Amino acid sequence: TGGIASGKTSASNYLKLKNSSYVFNADDVAKSILKNNKKIQRELINNFGQEILKNEKIDSSHLANIAFRNKNNQKLLNDIFWPEINKSLFEDINKKKPFLKIYIVDAALIIESGLHSKLDFILLIESDKTNRLDRIEKRKKISIKQAEKIMKLQFSDDKKKEKADFTISNNGSINDLYDK
């Protein structure tokens, strides 16, 4: 786990290649749920309104703008998504874990969602705000303003450390991260 742009997916993908591990990426699952789950789509529209629509479909950037406006909206979004993500996760674990040495869950909100209590170990990838914003700017998927809103709503690294079994600081190069 780790905050937005901390390097958690880079670490997960490295471990996947290095150890023949499997990675369950919660962001990818959430995108699939958003695209394919009509019940979740209706619930999102009912709770966040028509503002989240573009061409009669939910636009993830419009949804993010509203959902990360404040803690209440973020909690509502998480309350809608996390039960479905957890359902997908545990179905996947039951199918794949018997055949795998390492099963990795890549998710920013492992601790915030309470999922940490159901996993064997928690590895926190932390990075300072400057590095995280620099990475976000290079990706050009969301604005710096949006990223800062998300950062304010996520648990701090210090708070996540309380629940983490291991912590890796990711303020250097990608190779530094891999070495750690």
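Let's start in a loop: Asn55 sits between strand S2 (53-54) and strand S3 (57-58). Strands here are DSSP runs of E with at least two residues, helices are runs of H or I with at least four, and both are numbered from the N terminus. Asn55 has a positive phi of about 55 degrees although it is not a glycine. At 71% relative accessibility, Asn55 counts as exposed; the cut-offs are under 20% relative accessible area for buried, over 50% for exposed, and partly exposed in between, with a 1.4 Å probe and protein chains only.

A word on what you're looking at. This is a predicted model, where local features need pLDDT of at least 70 and side-chain atom pairs count only at pLDDT 80 or more, while totals for chains, interfaces and linings use all residues. Residues are numbered from 1 along each chain as its sequence is written, and side-chain values use heavy atoms, with hydrogens and water left out.

Ala5 also has a positive phi, about 60 degrees, although it is not a glycine. You'll find Ala5 in the segment before H1, and at 3% relative accessibility it counts as buried.

Now for the core. In soluble globular proteins, nonpolar side chains tend to be buried together. A nonpolar core here is a set of buried Ala, Val, Leu, Ile, Met, Phe, Trp, Tyr and Cys residues joined through side-chain atoms within 4.5 Å. The largest one has 44 residues, and those with the most contacts inside it are Leu44, Leu63, Phe81, Ile85 and Val105. Among the elements that each supply at least two residues of this core are helix H2 (26-36), helix H3 (38-48) and helix H5 (71-96). The largest share, 7 residues, comes from H5. Take Phe81: leaving aside its neighbours within four places in sequence, Phe81 is in contact with Ala30, Ile33, Leu34, Ile40, Leu44 and Leu63, where contact means heavy atoms within 4.5 Å.

Next, the aromatic rings. Rings of Phe, Tyr and Trp (its six-membered ring) pair if their centres lie within 6.5 Å; planes under 30 degrees apart count as stacked, over 60 as edge-to-face and the rest as tilted. By this rule the count comes to 3 aromatic pairs. The ring centres of Tyr14 and Tyr178 are 4.3 Å apart and the planes are at 10 degrees, so this pair is stacked. Tyr14 belongs to helix H1 (residues 8-19) and Tyr178 to helix H9 (residues 174-179), so the pair ties together parts that are 164 residues apart in sequence. Tyr14 is partly exposed at 25% relative accessibility, and Tyr178 is partly exposed at 29%.

Tyr22 and Tyr103 make a tilted pair, 5.2 Å centre to centre with 40 degrees between the planes. Tyr22 lies in strand S1 (residues 22-25) and Tyr103 in strand S4 (residues 103-106), so parts 81 residues apart in sequence are tied together by this pair. Tyr22 is partly exposed at 24%, whereas Tyr103, at 15% relative accessibility, is buried.

Thr130 is found in helix H6, and at 63% relative accessibility it counts as exposed.
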